Amino acid sequence: MRGSPSAHRPSHPAGQAWLLLMPALLVLMAFTHWPVIGTLWHSFQSTPKGGRPAVWVGLENYQVMVDDPVFWKALANNLWFAGATIPLSIGLALAMALWVNERIAGRTFLRMAYFTPTVLPMIAVANIWLFFYTPQYGLLEQVSSALGFGSHNWLGSPSTALGAVTLVAVWKEAGFFMIFYLAALQSLNPSLREAAAIEGASRWYFFRRVQWPLLMPTTLFVLINCVINAFRMVDHLFVLTRGGPDNASTLLLYHLYEVGFNFWDTGYASALTMVIIVVLVGATLLQFFVLDRRVHYR
């Protein structure tokens, strides 16, 4: 005689679920949560030097941060960098996805060309753009000379250094986000376009009223990644400007690297790390709880 269905049902499903999740949770705690707790603890301590151990200094590292003009310069630069890279990367990615989603000649080649910068290491990308920006014989200098414009040191001028590194970041990121938009566009029901064509809707009206609302979940995901990348992207600065000239292109993470590894001030570096974490967590929560209300899920 067969037993009842309840006889084969797990007696403790919640406990079994936690056991299955335990390996992933342990890895997450070991490499994410525990380092954050350790960094928070070190931010309230002095930097150990030689035979002198670290001591509790309370908010002294944070007071040093408030009085540090380089920190405020790096914060302003990072906000400007984020304010430029986020809309430009998202807008360019969406435009490229809409284009290569159409039935055009060479569509496969265009997709590959747009995505190629994504697979290149950031150091390689920075070296490519370093050749573009090099005074006198760089690609931009050759083009500007052919058009009759004067020479300009794009990376050596405080007025253009940050804009130059911002352009590199947008060029590197847009192709990556294009893939998400392209996948979202291909998942839309083709009958929507057919119905819009029957009703005589223009392409702009169809995009604004149909495609864009349905792409909002993808936009939210891309926006969160853009914000995170805007505060963690620093590799290209080591090749292009090293934060110069006169800290004109210094970002928060580069300032953190200099404090922690060049000046070896681990206490102050930990305080800077906590500020970056708070900024990223706050921006992410704001997007989830504010923008998520405007997202239309199918």
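Student: In what order do the elements of the protein chain run from the N terminus on?
Tutor: This is a predicted model. Its elements run α-α-α-α-α-α-α-α-α-α-α-α-α, starting at the N terminus.

Student: How many helices and strands does the protein chain have?
Tutor: There are 13 helices and zero strands.

Student: Is the chain a compact globule or more spread out?
Tutor: More spread out, because its radius of gyration is 25 Å, well over the 19 Å that the globule rule gives for 298 residues. Along the principal axes, the C-alpha trace spans about 75 × 75 × 30 Å.

Student: What share of the residues is buried?
Tutor: Of the 298 residues, 38% count as buried.

Student: And what about contacts between residues 24 or more positions apart, what share do they make up?
Tutor: They account for 68% of the contacts with a separation of 6 or more.

Student: Which residues make the nonpolar surface patch?
Tutor: F131, Y137, L139, V143, L147 and F149 make a patch of about 660 Å².

Student: Where does F131 lie?
Tutor: F131 is in helix α5, which covers residues 122-133.

Student: Why does F131 count as partly exposed?
Tutor: Because its relative accessible area is 43%, and partly exposed covers values between the 20% cut-off for buried and the 50% cut-off for exposed.

Conventions:
Residues numbered from 1 in each chain as written. Predicted model: local features only at pLDDT ≥ 70, side-chain atom pairs only at ≥ 80, totals over all residues. Heavy atoms only, no water. Patch = residues over 30% accessible without salt bridge, like charges linked within 9 Å, V, L, I, M, F, W, Y side chains within 5 Å. Areas by Shrake-Rupley, 256 points an atom, 1.4 Å probe, with all protein chains shown as cover. Salt bridge = Lys/Arg side-chain N within 4 Å of Asp/Glu carboxyl O. Helix = DSSP H or I, 4+ residues; strand = E, 2+ residues; numbered from the N terminus. Buried < 20%, exposed > 50% of the residue type's maximum accessible area, 1.4 Å probe, protein only. Rg over C-alpha atoms; globule rule 2.2 N^0.38 Å. Contact = heavy atoms within 4.5 Å.
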